[in-house]
Amino acid sequence: MPSYTPPLRDIQFVMHEVLGVVDELKKLPRYADIDADTIDAVLEEGGKFASQVLAPLNAVGDAEGCKLDMATQEVKTPTGFKAAYQQYVEGGWPSLSCDPAFGGQGLPHIVNQSFYEMLNASNQAWTMYPGLSHGAYEALVAHGSAEQKRLYLGKLTSGHWTGTMCLTEPQCGTDLGLLRTKAAPQADGSYLLAGNKIFISAGEHDMAENIIHLVLARLPDSPSGSKGISLFVVPKWKVKADGSLGERNGIWCGGLEHKMGIHGNATAQIVLDNAEGSLVGEPNKGLAAMFVMMNAARLGVGMQSLGLTEVAYQNAAAYAKDRLQMRSLSGAKAPDKAADPIVVHPDVRKMLLTARAYAEGGRALAVFTTLLLDKEIASDDETVRKDSADLVALLTPIVKAFFTDNAWIATSHCLQVFGGYGYIRESGMEQFVRDARINMIYEGTNTIQSLDLLGRKVLSDNGARLKKFGKLIADFVEEEGVNENMQEFVNPLAELGEKVTKLTTEIGMKAFKSPDEVGAAAVDYLRVCGHLVYAYLWARMAKVALEKEAGGDAFYAAKLAVARFYFAKLLPETASLIRTARAGAGPMMALDVAMF
Ligand SMILES: Cc1cc2nc3c(=O)[nH]c(=O)nc-3n(C[C@H](O)[C@H](O)[C@H](O)COP(=O)(O)OP(=O)(O)OC[C@H]3O[C@@H](n4cnc5c(N)ncnc54)[C@H](O)[C@@H]3O)c2cc1C
């Protein structure tokens, strides 16, 4: 059975030693009183909840899955899930970074995000139930009416109710313009929704008193395509004016999907049978409103994969120190034993260090991005809000796709470290691989994230957002360029920055001739940008480690070793990615459709 130790030391390193989050947060009026001790204490307790309550339920959830009772159309979650959720609610965990106006604790989002890394590492399937509530909360805060806020936000904040996002239909996944669910206006201002949704995570369950579905649907006479989509809030149990539960609404679970991983999470087919709902925001502007939830969820999916990368690494590292096979090529390292532990073998180390470099680089980027999100939301300086929003928009598809692609690589490597035992269920490693796979698909596949990055976030504004990130790199390179000890990190970072600028211009020029050039280059391009961002953060982490390693704390020596591994063994992947991105659309588009 896998174990999990919350990586509190590394979270503290990133937050306090590298990014100086407390000083940054103190500049935001609502966090003027924040201090490091509070952040650390909350995360320490959060780590206990994750590792002691949720982690033991991870294999249980995988083995049992969810069960739908077709007679009642109620879903029973795996043993222990409901009790853990009650404990989570009683502990006040759902409200960490929610607004005190709705009963929240008003802590910065970085605290909640790091808490979610630990929840996901412990049990991704369970974490999706409360995780989706945060997105629903954000969408209602941004676009809900005063009445919707009054009725729903308090209970979403406390966790007594959970949220979902209902976009997908059988004929409509990536292309939401194809959706057919209808919403008919009623005389009293409400709407009756009819249609079928599929693949709805946490769409039905027994963990909370009510489920608040955010549903995309079409009004009569709305334009076709994505311009005719509106957003509705549809509760499982109708909510009376005084906030108490009314009668059962016409929104039902028609079936549960049998799937590769995250068995403990109910992936529901949802039938809307004249379900009563209310419009969120303006008619036909539903997609924009839903994007608030989708952006939150995209960062959330990144955290799922970060958690899986960390937990897979921890278990593979422990196994590699214990498992004895063969002798080291450079002579016995444990001569008193029958063989050396496999951690002596270079390739085993490569697999472990790959996972570790992705976990630690990802953690730095997660905190970096969420700190920007806190500034975007809470700064009283308009320029800071705008710059932060631009960087969050740029980094969101990278967090979603780069983290999840890396977790797929990392969990697979960590399984490999276990050899045959990794493939056997008892080790728990194969569950991490299966669970990690969905993260590359939902919330917009990673291809769609790449198109979002290259098309919408970079080319559409002539690289203005990218230049803002480039400025951070340029400033750092200039500052550290004179530091002899930093050359091994600063030089490859600066070189890659220049290559990304050139590549972006080249793709932009080609795109004028054929838009397919964007589609052909986007996936490689996102991966190159992911490495650029990681290289920047790894260089910043290396700088701190270099300054502190003389003190003798092994943490800093280890950090430097992983930084050097990252620059020597992972970053060079960008050279081949740039070549394949430059190869253009021709090799993909030449083959006639009939020949596939
Ligand atoms: C376990 C699970 C949970 C989910 N949870 C939810 C949920 O809570 N709420 C919800 O609404 N949905 C949910 N989904 C649905 C999920 O978001 C979709 O599966 C996903 O968006 C992809 O849509 P699709 O499956 O229809 O694939 P399609 O859109 O049919 O895509 C098929 C393939 O074509 C590619 N493709 C499509 N268009 C393009 C393009 N323009 N350029 C290049 N490639 C393209 C895609 O990248 C993909 O590889 C969930 C799915 C699963 C499996």
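This is a predicted model: local features need pLDDT of at least 70, side-chain atom pairs count only at pLDDT 80 or more; totals for chains, interfaces and linings use all residues.
1. Around the ligand, an oxygen atom of the ligand and a polar backbone atom of Leu167 are 2.9 Å apart.

2. Side chains take part as well: a nitrogen atom of the ligand has a polar side-chain atom of Thr168 at 2.6 Å, and the side chain of Ser201 places an N or O atom 2.7 Å from a nitrogen atom of the ligand. Taken alone, the ligand would expose 970 Å², and the protein buries 63% of that area.

3. Turning to the shell as a group, there are 18 residues around the ligand, and those that come nearest are Thr168, Thr174, Phe199, Ser201 and Thr445.

4. A separate point concerns the surface, where Leu591, Met595 and Phe596 form a nonpolar patch whose members together have about 400 Å² of accessible area. Phe596, a member of this patch, lies in the segment that follows α19 (586-589).

5. Is Phe596 buried or exposed? Phe596 counts as exposed because its relative accessibility is 72%, and the cut-off for that label is over 50%.

Terms used
Residues are numbered from 1 along each chain as its sequence is written. Side-chain values use heavy atoms; hydrogens and water are left out. Patches are made of residues with over 30% relative accessible area and no salt bridge: like charges are joined within 9 Å, nonpolar side chains (Val, Leu, Ile, Met, Phe, Trp, Tyr) within 5 Å. Accessible areas come from the Shrake-Rupley method with a 1.4 Å probe; for residues, only the protein chains shown count as cover. A salt bridge is a side-chain nitrogen of Lys or Arg within 4 Å of a carboxyl oxygen of Asp or Glu. Helices (H or I, at least four residues) and strands (E, at least two) are DSSP runs, numbered from the N terminus. Buried means under 20% relative accessible area, exposed over 50%, partly exposed in between (1.4 Å probe, protein chains only). A residue is near a molecule or strand if one of its heavy atoms lies within 4 Å of it. A polar contact is a pair of N or O atoms within 3.5 Å; within protein, one must be able to donate a hydrogen and the other to accept it, and residues adjacent in sequence count only if both atoms are side-chain atoms.
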